[in-house]
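Here is my note for your next look at this model.

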Amino acid sequence: MRVRATTTVAAVIGAVALSALAVPAAQAAPAGPAVTFSNVKVNAGKPVVVGPTAKVTVSASYTVTKPANLSAASFDSGPVLYRGSTLNVESRILAGDNPGTCTAASTTVLKCTAKIQFRPAESDAYDDLVNSDAGTWNIGALAINGSGYTAKSGFGTVKLLRASKLTADATPEPVKKGKTLTVTGKLSRANWDSNTYAGYSTQPVKLQFRKKGASTYTTVKTIKSSTTGVLRTTVTATADGYFRYTFAGTSTTPAVSAAGDFVDVR
């Protein structure tokens, strides 16, 4: 079920060609298998986080209910992610390379699993993720036979996020008590258009401190990253401990915290 985000349901799903479905919206779509879907879950409800180059594969599960006289081998099925109010022939979708694998729980119920792949960088650009793909996708499901398709919408949502990185470095080390420390760092995230990590500009980032021997961090101040994602601020050295930056995340980028940088105050 390999389908790029900018393609429509009228694409190839598994070995079944759906070119006949590329019909004007005003026409009725060909009828597909008489099935219903339930319990459609993608990545156990967690966001899907994808870096700049490595493919990410997540698991999905769903239940198909069918007539007892309809052979499970007569159609392919699988979950899809789509944008738009409903899943139809014009929807933008993401789906896996292959149809789901189903096991009969009864003559009318199939328990199914599938894989969905997310590719930030492929030799065939048709499959590549682009930055505009980040954000919330709706969850639907498709069943396909030789004559048409059955589409079901409204199984919740899943977030597709651009992986983030954050660094922190406090200098000088060691430092005298009461002197000024400079804490630098950088907030970056996956750029699926260039397949690199790039600075995430003008984002609020918290500088936090954890005193030596303590178990929790306390926020010292909040600053914004520069236009290139660079972070820089100053604080007064008061005690041995760890400084870090932490970012709360956005609708397209996950939260991330830098590793704590220990400062020896003398």
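1. Let's start with the overall picture. Of the 266 residues in the protein chain, 44% are buried (buried means under 20% relative accessible area, exposed over 50%, and partly exposed in between, with a 1.4 Å probe and protein chains only). Please keep in mind that this is a predicted model, where local features need pLDDT of at least 70, side-chain atom pairs count only at pLDDT 80 or more, and totals for chains, interfaces and linings use all residues. Residues are numbered from 1 along each chain as its sequence is written, and side-chain values use heavy atoms, with hydrogens and water left out.

2. Next, the secondary structure. The protein chain has 20 strands and zero helices (both are DSSP runs numbered from the N terminus: helices are H or I with at least four residues, strands are E with at least two). Among contacts between residues at least 6 apart in sequence, 67% join residues at least 24 apart (contact means heavy atoms within 4.5 Å). The chain exposes about 12400 Å², and carbon and sulfur atoms supply 51% of that area (accessible areas come from the Shrake-Rupley method with a 1.4 Å probe; for residues, only the protein chains shown count as cover).

3. The largest nonpolar core has 28 residues, of which Phe37, Val64, Leu81, Phe118 and Leu160 touch the most other members (a nonpolar core is a set of buried Ala, Val, Leu, Ile, Met, Phe, Trp, Tyr and Cys residues joined through side-chain atoms within 4.5 Å). Two or more residues each come from strands S1 (36–42), S2 (48–50), S3 (56–65), S7, S8 and S10 (157–162). S7 gives the largest share, five residues. Apart from this core lies another of 22 residues, among them Leu166, Ala170, Val205 and Val235.

4. Phe37 deserves a click of its own. Leaving aside neighbours within four places in sequence, Phe37 is in contact with residues including Tyr62, Val64, Ala141, Leu142 and Phe155.

5. Which cysteines are joined by a disulfide? Cys102 and Cys112 are, with an S to S distance of 2.1 Å (a disulfide is a pair of cysteine sulfur atoms within 2.5 Å). Cys102 lies in strand S6 (residues 101–104) and Cys112 in strand S7 (residues 109–118), so the bond ties together parts that are ten residues apart in sequence. The S-S torsion is about 110 degrees, so this disulfide is right-handed. Cys102 is partly exposed at 33% relative accessible area, whereas Cys112 is buried at 3%. A search of the whole structure finds one disulfide.

6. On charges, the structure holds two salt bridges (a side-chain nitrogen of Lys or Arg within 4 Å of a carboxyl oxygen of Asp or Glu). One joins Asp133 and Arg92 at 3.4 Å, N to O. This pair links distant parts of the chain, 41 residues apart: Asp133 is in the loop between S7 and strand S8 (135–144), and Arg92 is in strand S5 (residues 92–94). Asp133 is buried, with a relative accessible area of 0%, while Arg92 is partly exposed at 28%. The other bridge joins Arg266 and Asp264 at 2.9 Å, N to O. Here Arg266 is exposed at 64% and Asp264 is partly exposed at 24%.

7. Please check the backbone in two loops. Cis peptide bonds join Thr171 to Pro172, with omega about 0 degrees, and Glu173 to Pro174, with omega about -5 degrees. Pro172 sits in the loop between strand S12 (169–171) and strand S13 (180–191), and Pro174 is also found between S12 and S13. In the loop between S1 and S2, Asn43 has a positive phi near 55 degrees. Ala44, found in the loop between S1 and S2, has a positive phi of about 55 degrees although it is not a glycine. Asn43 is buried at 16% relative accessibility, but Ala44 is exposed at 68%.

8. Finally, Thr252 lies in the loop between strand S18 (241–247) and strand S19 (256–257). Thr252 is buried at 18% relative accessible area. Its side chain makes a polar contact of 3.4 Å with that of Thr253 (a pair of N or O atoms within 3.5 Å; within protein, one must be able to donate a hydrogen and the other to accept it, and residues adjacent in sequence count only if both atoms are side-chain atoms). Not counting residues up to four places away in sequence, Thr252 touches residues including Leu160, Arg189 and Tyr200.
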